[in-house]
Amino acid sequence: MLKFLTLKPEAFGLDISDLSLKIIKLKKRGKFFDLASFGEEKIKPGIIKGGEIKDEKALVKIIREAIAKVKGKKLRTKYVVASLPEEKAFLQVIQMPRMSEEDLKSAVIYEAENYIPLPIDQAYLDSQTVPPVHNHLDHFDVLIAALPKKTVDPYLSCFKKANLKPVSLEIESLAIARALIKNEVTTSPVLLIDLGATRSGFIVFSGHSLRFTSSIPVSSQSFTEIISKALGINLAEAERLKIEYGLQPKVKKSKEIFEALIPALTDLIEQIKRYFVYYQTHASHEHLPPNGKGVKKIFLCGGGANLKGLTNFLSSQLKIPVELGNPWINILADPQRDIPKLPLPFEKSLGYTTALGLALRGVKSNTQ
């Protein structure tokens, strides 16, 4: 069929979390892409809790308002690639015998029952084969992803009521990896840490695939609450001081903030170390080059990643390079040159990492 007869609708990225909603629409620019539209709306506490939608009517209203208020080009498409809550998802790389693609699809469903901690008829299941980076395989590595239907169905209901048509629904960690991992492949494992408002997500990406994901309650908002309580100030002032001073022990005001956050930062460090141990004791089947074992780098993203001094602090404590991820690495032809020209500053775009990864999937499916 001639390409111009193939219907491939444009789709925007929609990232929904407990306390905010973010929209990104990309457009084709040569072999790469550019920012077309973006927007953000806050979600009042209680509308979504722990990834579960509690008030569909309120969420639909917020989605409609966010779409109407986007900056840049007006959204004229109803097609969307949307996120699903990480804390409700289950991901696992499994090994399967070599067989035809059609047989593999049905075999994965039966095999997945041995790994998914809920009845298969109560879950939505998806899978994809993972090619090796090193050596040929005598089997298939398959990434399986599952979410409870009772979690996903309310999202589908909200999209329908907001007059949106999902092209695909995707777990947050998959979108984050697509945004941060150059060409979506690594020769050694990388830890991605998404420092969000209500939780932090840990994602190990290795070769061509996610390997492990986890969430902990350490968050950007919890840092603000700790500062507020320690210094006896309101949350708005605590947030301002956190952003202005961060973790800079040599600056007087920053020293107070740093000392207040020591328990939470210590907890974060210990959680990361435990995660390293868990990963290293479970990662025995990744088909990487001989020198590709062990996590070699950490990328930070999410709104909380902008905390001044955080990358240096984590790097010094963990003895491993820690840097801010670049969610434009697979989007812009020359990120260093093009990012300063964007209406969305780099620091703010770290909070849009998931939305950018979703939008990248949406625009790629339209151009391929």
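Lys 319 is exposed, with a relative accessible area of 72%; exposed denotes a value over 50%, buried one under 20%, and partly exposed the range in between (1.4 Å probe, protein chains only). The residue is placed in the loop between α8 (310–318) and β16 (322–324). Its phi is positive, at about 60°, although Lys 319 is not a glycine. Most residues other than glycine have a negative phi. A second case is Asn 163, a residue other than glycine whose phi is near 65°. Asn 163 lies in the loop between α3 (149–161) and β11 and is partly exposed, its relative accessible area being 45%.

The model is predicted; local features require pLDDT of at least 70 and side-chain atom pairs pLDDT 80 or more, whereas totals for chains, interfaces and linings use all residues. Residues are numbered from 1 along each chain as its sequence is written, and side-chain values use heavy atoms, with hydrogens and water left out.

The protein chain contains 11 helices and 16 strands, assigned as DSSP runs (helices H or I, at least four residues; strands E, at least two) and numbered from the N terminus. The radius of gyration is 21 Å, close to the 21 Å that the globule rule gives for 368 residues, so the chain is as compact as a globular protein of that length. This radius is taken over C-alpha atoms, and the rule is 2.2 Å times the number of residues to the power 0.38. Along the principal axes, the C-alpha atoms fill a box of roughly 65 × 50 × 45 Å.

Of the 368 residues, 50% count as buried. The accessible surface comes to about 18200 Å², and carbon and sulfur atoms account for 53% of that area (Shrake-Rupley method, 1.4 Å probe). Among contacts (heavy atoms within 4.5 Å) between residues at least 6 apart in sequence, 67% join residues at least 24 apart.

Strand β7 (residues 79–84) has five of its six residues buried, so it is largely enclosed by the rest of the structure. Strands are taken to pair if DSSP finds at least two bridges between them. Strand β1 (residues 12–16) pairs with β7 in the parallel sense over three bridges, and Phe 12 stands opposite Val 80 in β7. The pairing of β7 with strand β11 (residues 165–171) is also parallel and extends over six bridges; here Ala 82 stands opposite Leu 169 in β11.
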